[in-house]
Amino acid sequence: MEIRPILSALLRSKTGAILVAVQVAISLAILSNALHIVDVRQSVAARPSGMQDEGSLFYLRVRHLDESDHNGQLALQKSEAATLRAVAGITSVAFTNQMPMSRSGSTNSVAADRKQLNESANASFYFSPESLVKTWNLKIVEGRDFTPAEVIEIDASADRDNFPKSVIVTRALAKKVWPNDASPLGKTLYFGTGEDANGARVVGVVERLQTQQAQFDESGEFSTIVPLRLTNGFGTIYTVRAEPGQRDRVMKEAEEALRKAAPRPVLLDVKTVDEDRTDRYRADKALSWMLITVSVLLLMITASGIVGMASLWVTQRRKQIGVRRALGARRIDILRYFLTENFLITSCGVFGGVMLALGLNHLLVSKLEMTRLPIGYLLAGAGLFWALGVAAVYGPAWRAATISPAMATRSA
C-alpha cells in the first residue's frame, strides 16, 4: 500500500490527526516518567536496611516518671535489659538511642580531618553499650565489633567532654569520607570540624545500615555506631530480636515483664521494625498508586480518543469506502488502510512524546534530583502506544471493512 494517498488524506483533514498525535505525545511523556518514578520509589521502599530478618525485630521505648540519678539509671538500664533477656524466645537485647527508619533520632556531621572547612557528610549517630551488630545481625565486611573494654558510660547532664574512642561506620559512609582509600580501618573519624571535634578510630565497617530518616539518596546509608551507654539524654530504647515466628508473643511478654519489674511507674511504647518501614514508606507507596492510577486513566483516555476519531472517520468516509469496495478493494485493503493511517498518526505522537518525556525528565532531574530516565522506559512506552493505537482502531477499521458497497453508496 502506498503511503502518499494516506498522507494526502490526512493533510486535507489534519485537525483530528493532530489532536490524536498530541494526546499520544503528552500521554507518553507523562506515562514513561510516572512509571519510572513508581519503579524508583518501589525499589527504595524495598531496599534492605542492613538489619537481617526485620520481621523478628521490635523495640521498646521506656520512660520512667520518676527519674533517678546517673548511677541509678545505669543500674536500672542493666536490670531492665536482664529482665528482657530472661523472656523466653528473646535471642538478643541491646540498649540504643534510635532505630533505623523511625524518622526520629540524632545525626552528626563527620569529617576526615579537623582542619576541613566543611564536613564530609551528615551521618546517623547510633550508640549502644551492647552489640547492635549482633542484635540487628549487621554484616561486618571489614574489621570487628566493639569489645566490652571500649564501652564508656556518660551522664549527658554533667559529662560533655568524654567521647567514645572507637566507631563502626557503614561502607557507604566510608566511601564518602575517604573516597580514595581502599580501607578506612584505623583511620580517625571526626565528629564535626575544628579543634573541638571529637575523634574516634574506625574499628569496623558494616555493609549497610540505614539512617533513622532512610533518605532517598546514598545518604540514607550514612551511619555510625559508637560504644556508649548514656543517661539523662535520649531516653531509653531496648531493641530486641526474637526467635523466628515468635515476635508477636514475645512482644506482649516482654512488655508485661518490664511493667512487673519496674520499681516505679513507667510508660512503655512497643513497636516493630516492620511498622517503622511501613510508616516510613507510606507516602512513597501512596504516590506510586496515584501515579499508576493516573497512567491507567491516561491510557484509557488516549484509547477512547483514538476509537472516537477512527469511528468519526469511518462515518465520514462511508461513500469513499463503498466506492473502493465496488472497484475491487478487499476487506483486508480497507482494514490495512485505517491501521496504516493510525500507525502514522501514532508514530508522530510517539516521536513527539519521546522528546517531551526527555524534556520533562530533565526538569525533574534538575529541580527534584530525580534519576535519569532509562531508554528502556521510552522504548516500552513507544511500543505500548503503538500497540494501543492498533488495538483501539481495529474495531472501527473492521466495521469499515465490512461495509457493503451497495449500502455505502446508497447512504450517500
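Mentor: Of the contacts in the protein chain with a separation of 6 or more, 82% join residues 24 or more positions apart. Contact means heavy atoms within 4.5 Å. This is a predicted model, where local features need pLDDT of at least 70, side-chain atom pairs count only at pLDDT 80 or more, and totals for chains, interfaces and linings use all residues. Residues are numbered from 1 along each chain as its sequence is written, and side-chain values use heavy atoms, with hydrogens and water left out.

Start inside. Of the 412 residues, 47% count as buried (under 20% relative accessible area; exposed is over 50%, partly exposed in between; 1.4 Å probe, protein chains only). The largest nonpolar core has 44 residues. Such a core is a set of buried Ala, Val, Leu, Ile, Met, Phe, Trp, Tyr and Cys residues joined through side-chain atoms within 4.5 Å. Phe58, Leu84, Leu189 and Phe191 have the most contacts inside it. Helix α6 (residues 247-261) gives the largest share of this core, five residues. Helices are DSSP runs of H or I, at least four residues, numbered from the N terminus. Leaving aside residues up to four places away in sequence, Phe58 touches Arg247, Val250, Met251 and Ala254, among others.

Now the surface. Ile18, Val22, Ile26, Ile30, Met290, Val294 and Leu356 make a nonpolar patch of about 560 Å². Areas come from the Shrake-Rupley method with a 1.4 Å probe. Helix α2 gives the most, four residues. Ile26 lies in α2 and is partly exposed, at 40%.

Terms used: Helix = DSSP H or I, 4+ residues; strand = E, 2+ residues; numbered from the N terminus. Patch = residues over 30% accessible without salt bridge, like charges linked within 9 Å, V, L, I, M, F, W, Y side chains within 5 Å. Salt bridge = Lys/Arg side-chain N within 4 Å of Asp/Glu carboxyl O.
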